[in-house]
Amino acid sequence: MLRREVLNLLRSIHGKRFSGALPYFSKDFEVVVTRDMDLEISAIVDQYSCYISPREYFCSCMDNFIRKTICKHIIASVLKAYAENKISEFEMVNLLIWR
Ligand SMILES: [Zn+2]
């Protein structure tokens with residue numbers, strides 16, 4: 001489902017966090033995608049609330065809070081939205097690459 005070149009690109013950009021996000025694929029959590037003004041994705045991954053749009057992202061975990069970087073929960077939310085056909089491959093890559 002994830003093309004190898006896309007997988008490699010995301011892995012090269014996000015490294016350990018991308019690998020850390022992959023196990024969440026098999027976990028059951030709900031991803032909500034809305035398209036009112038912008039594409040917006042929200043989810044609760046483990047106990048952390050995630051939000052991501054083309055302009056901003058937020059997660060309540062320490063990785064995101066302290067390091068101000070995209071975390072594995074946000075990556076997992078976007079991957080899940082793509083896996084469930086709620087966003088396109090282009091949108092997925094766009095959301096995960098510009099950070
Ligand atoms: Zn997080």
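**Sheet and helix packing**

In this predicted model, four strands make an open sheet in the order 1-2-3-4, with antiparallel pairing. Strand 1 (31-34) and strand 4 (57-59) each have a single partner strand and stand at the edges, so one side of each lacks a neighbour in the sheet. Two strands pair if DSSP finds at least two bridges between them; strands (E, at least two residues) and helices (H or I, at least four) are DSSP runs numbered from the N terminus.

Conventions
- Residues are numbered from 1 along each chain as its sequence is written.
- Local features of the predicted model need pLDDT of at least 70, side-chain atom pairs count only at pLDDT 80 or more, and totals for chains, interfaces and linings use all residues.

Strand pairing
- Strand 1 and strand 2 are antiparallel over four bridges and form a hairpin with five residues between them; V31 stands opposite A43 in strand 2.
- Strand 2 (residues 40-45) is joined to the antiparallel strand 3 (residues 48-52) by five bridges, and S42 has Y51 in strand 3 as its bridge partner.

Helix packing
- Helix 3 (residues 72-83) packs on the sheet, touching strand 1, strand 2, strand 3 and strand 4 (contact: C-beta atoms, placed from the backbone, within 7 Å), and its direction makes about 115° with that of strand 2.
- Helix 3 and helix 4 (residues 89-97) pack at about 175° with axes 9 Å apart (axes are lines fitted to C-alpha atoms, for helices over the stretch in contact; angles run from 0 to 180 degrees between N-to-C directions).
- Helix 3 is therefore roughly antiparallel to helix 4 (angles over 145 degrees).
- I75, V78 and Y82 in helix 3 meet E89, M92, L95 and L96 in helix 4.

Notes: Two residues are in contact if their C-beta atoms, placed from the backbone, lie within 7 Å. Angles under 35 degrees count as roughly parallel, over 145 as roughly antiparallel, 65 to 115 as roughly perpendicular and the rest as oblique.
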